[in-house]
Amino acid sequence: MIKKIIIVLLLSVPALGLAAGNNLKLDSVDIDLSDKASLQRGARTFINYCLSCHSAGYMRYNRMGKDLGISDELVSGNLLFAADKIGDLMKAVMPAEDAKKAFGTVPPDLTLVTRSRGPEWFYTYMRSFYRDESSASGWNNVVFPDVAMPHVLYSWQGEQRAIFKEHEGRRVFDRFEVGSSGSMSEEVYTDTMRDLTNFMVYLGEPAKLVRYRIGTYVIIFLLIFLFVAYLLKKEFWKDVH
Amino acid sequence: MQKLLEQSLDWVDARYPVKKVWDEHLAKYYAPKNFNFLYYFGSLALVILVIQIVSGIFLTMHYKPDANMAFASVEYIMRDVEWGWLIRYMHSTGASFFFIVVYMHMYRGLIYGSYRGPRELLWIVGMVIFVTLMAEAFMGYLLPWGNMSYWGAQVIISLFGAIPFIGDWLAEFIRGDFVIADATLNRFFALHVAALPLVLVGLVFAHLVALHKVGSNNPDGIEIKQNKGPDGIPVDGIPFHPYYTVKDIMATVFFLILFAAVMFFVPELGGWFLEHDNFMPANVLQTPPEIVPLWYFTPYYSILRATTTDMIYVLYGVTVAMAILTVISVKDIRAKGATVVVAAVVLVALNILQPKLWGVILMGSSLMVFFGLPWLDRSPVKSIRYRGWMFKTALTIFIVSFFVLGFLGTQPATGLNTRIAMVGTVLYFLFFLLMPWYTTFDKTKPLPERVTE
Ligand code: HEC
Ligand code: HEM
């Protein structure tokens with residue numbers, strides 16, 4: 001009886017995973033780290049549009065190049081604006097003091113953002129900027145209210161407005177309305193953000209590219225070992241009655 | 001070749017008791033033949049201890065115990081150190097598995113009465129190991145210097161501040177600063193990688209010495225040493241080696257499969273083994289929305305948080321009820337008097353001391369009561385197999401309370417949650433406090449002569 005309770009409780013543990021952040025519904029995103037092309041596209045977006053303000057200060061350029069199949073020459077030629085050496089960490093272009101002056105806060109390091117806030121949060125955040133004249137930057141975000149970050153991909157996505165409704169006395173987000181369109185269609189922008197999220201998941205944990213494969217081999221080996229150990233045990237225990 | 005080997009063994013044996021130790025503790029150490037799967041967890045705890053020490057040594061080669069570098073050095077291990085991610089996940093997964101294994105090991109002791117004579121000291125050494133392990137894990141958790149590391153340590157150490165007069169001084173003494181800071185990180189590192197592992201290894205040795213002196217209990221809770229054959233060997237005993245060595249190897253491999261499955265596929269286990277907020281560096285200005293310890297501490301954390309002003313009234317009730325029950329039950333007049341005095345002191349203290357301090361006291365007591373088990377249990381039998389419905393019911397309620405408290409410890413302390421945690425806390429303690437009564441009145445089954453299958 002007690003044994004059963006424990007087993008049921010143990011099995012339900014992963015399902016009860018501790019939720020992070022607020023109660024807004026986040027969009028699910030399909031992460032596929034084996035899709036190298038997607039990771040490369042995400043890397044390009046990240047380096048071109050985000051590194052100006054944010055760091056990914058635990059990651060090195062050459063490591064990224066190696067993992068994503070981009071040669072050192074290509075990385076040096078096309079992606080190395082913010083650093084001198086290919087072995088450097090990915091530091092922001094804008095010095096922290098300047099950023100603090102401009103935005104009132106230092107843009108946080110993004111290396112681990114998908115590990116702390118989750119890929120869904122990031123994916124939804126990047127698609128939830130809206131026009132808000134009352135804020136300092138002219139932008140706001142439903143996932144991160146009063147965010148100090150402007151919508152830097154505005155020229156791609158265009159401008160959207162958020163419609164709020166009353167719900168049990170509180171103002172809650174209802175839906176977006178398209179204002180002006182950007183250079184990308186909605187599908188293309190969504191795909192681009194999915195690639196970016198994919199890259200951010202890689203950035204959070206490069207070992208993810210290999211650990212599933214290695215884990216599979218290890219477990220296969222252990223299963224064979226278990227079989228042998230079982231036979232050994234059976235042989236010895238034959239004479240115990 | 002064979003001869004050379006034998007000769008060198010003899011040479012050593014003349015100077016060091018190799019054969020004697022081998023025989024006494026393995027080849028001629030007789031263990032009951034009816035062990036079930038719950039008896040694997042002791043060996044598994046040893047396996048994990050080795051895993052933690054070895055992975056810990058490799059982490060220490062690259063980790064930097066400096067408030068400005070610690071977080072980055074862990075990410076450096078995860079990315080730039082060859083196989084560093086594996087070593088780090090081995091250690092973080094190992095910490096949680098250590099507690100799973102140890103909890104199962106203790107649960108086994110609980111249901112088969114392994115804490116009863118002649119194994120009281122073995123049980124006590126085990127409890128000291130458990131408390132040390134908790135300190136080890138608590139200090140290890142500060143080292144990655146994530147935001148939850150920081151705030152978790154902040155909350156727990158500030159608890160010492162609740163102690164009257166010396167509290168603030170003590171908290172400051174532990175931290176080495178007014179807040180958790182570089183000094184705290186440095187001393188926790190020293191304790192985590194050197195002092196406490198040494199103590200743990202020493203205690204584990206003492207644990208095994210005590211075990212081999214009295215011999216193992218078994219799922220039937222009868223002493224195999226009371227039934228020896230003409231050769232002086234317990235009839236229900238089999239030599240540990242080779243029987244249990246091969247069986248334990250099998251169990252270890254099975255365990256490693258589960259371990260590898262978590263380590264390689266879900267090392268965070270949805271935030272249960274590595275918390276999301278700990279992927280942000282420690283930030284003095286940014287308190288996490290909910291400060292929650294890792295799962296293995298949450299039952300005690302729940303007890304701490306459940307102790308509000310309301311709980312003090314519940315404690316009055318429990319104290320008075322327990323005092324009356326004791327006074328009625330004991331015969332000796334001095335014992336009656338002592339009970340009244342103790343109850344009076346507790347009632348006065350409940351009036352004077354703040355609820356926060358009582359939270360700390362109850363949290364500490366929730367561990368300390370385990371030390372009393374050998375003397376609280378009055379049943380003529382040890383194993384749950386021969387006990388009656390009272391013990392079984394009490395145990396079930398206790399286990400359920402433990403899990404409920406554990407779960408609530410991960411949740412926000414809202415009004416309802418705190419109420420449930422209060423009930424859970426009372427039930428948790430009643431399992432121990434009422435034990436002398438329900439184990440006395442419980443109807444037990446007759447014990448078998450020999451161990452059963
Ligand atoms: C003009 C500078 C700037 C650029 C360019 C920029 N950001 Fe930001 N970002 C900020 C600032 C400032 C904040 C802090 C917001 C706050 O705390 O209110 C921020 C916050 C964030 C956060 C929230 C982090 C957290 O955990 O709180 C994410 C995620 C983020 N940015 C992603 C991006 C991505 C992806 C890009 C590239 C497409 C990008 N940012 C480009 C300035 C910038
Ligand atoms: C004996 C049981 C042990 C337990 C239960 C334990 C537990 C922990 C825990 C919970 C952490 C934080 C997990 C993380 O987020 O990485 C940690 C980190 C660490 N431990 Fe241990 N540990 C043990 C033994 C050791 C030993 C023996 C050493 C060294 C000789 C060691 C060295 C380290 C180091 C350097 C870190 C920080 C690196 C990191 O966070 O990844 N540990 N430990």
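**A walk from domains to ligand**

Start in chain A, where the centres of domain 1 and domain 2, taken over C-alpha atoms, sit 48 Å apart. To colour them, select 20-206 for domain 1 and 214-241 for domain 2; the bounds come from an automatic or database domain assignment.

A word on what's loaded: this is a predicted model, where local features need pLDDT of at least 70, side-chain atom pairs count only at pLDDT 80 or more, and totals for chains, interfaces and linings use all residues. Residues are numbered from 1 along each chain as its sequence is written, with chains lettered from A and ligands numbered from 1 in the order in which they are written.

Next, show the contact between the chains: 35 residues of chain A and 36 residues of chain B take part (contact means C-beta atoms, placed from the backbone, within 7 Å). On the chain B side, pick helix 4 (70-79), helix 10 (240-265) and helix 15 (389-408), each supplying at least two residues. Helices here are DSSP runs of H or I, at least four residues, numbered from the N terminus. Helix 10 of chain B gives the most, with 14 residues. Colour that side by type and you get 26 nonpolar, 5 polar and 5 charged residues (Ala, Val, Leu, Ile, Met, Phe, Trp, Tyr, Cys and Pro are nonpolar; Asp, Glu, Lys and Arg charged; the others, Gly among them, polar).

Last stop: ligand 2. Of the 26 residues around ligand 2, select Gly56(B), Ala95(B), Gly140(B), Leu143(B) and Pro197(B), which come nearest; "around" means a C-beta atom, placed from the backbone, within 6 Å. Helix 3 of chain B gives the most to this shell, with 7 residues. The shell splits into 17 nonpolar, 7 polar and 2 charged residues.

Key:
Two residues are in contact if their C-beta atoms, placed from the backbone, lie within 7 Å.
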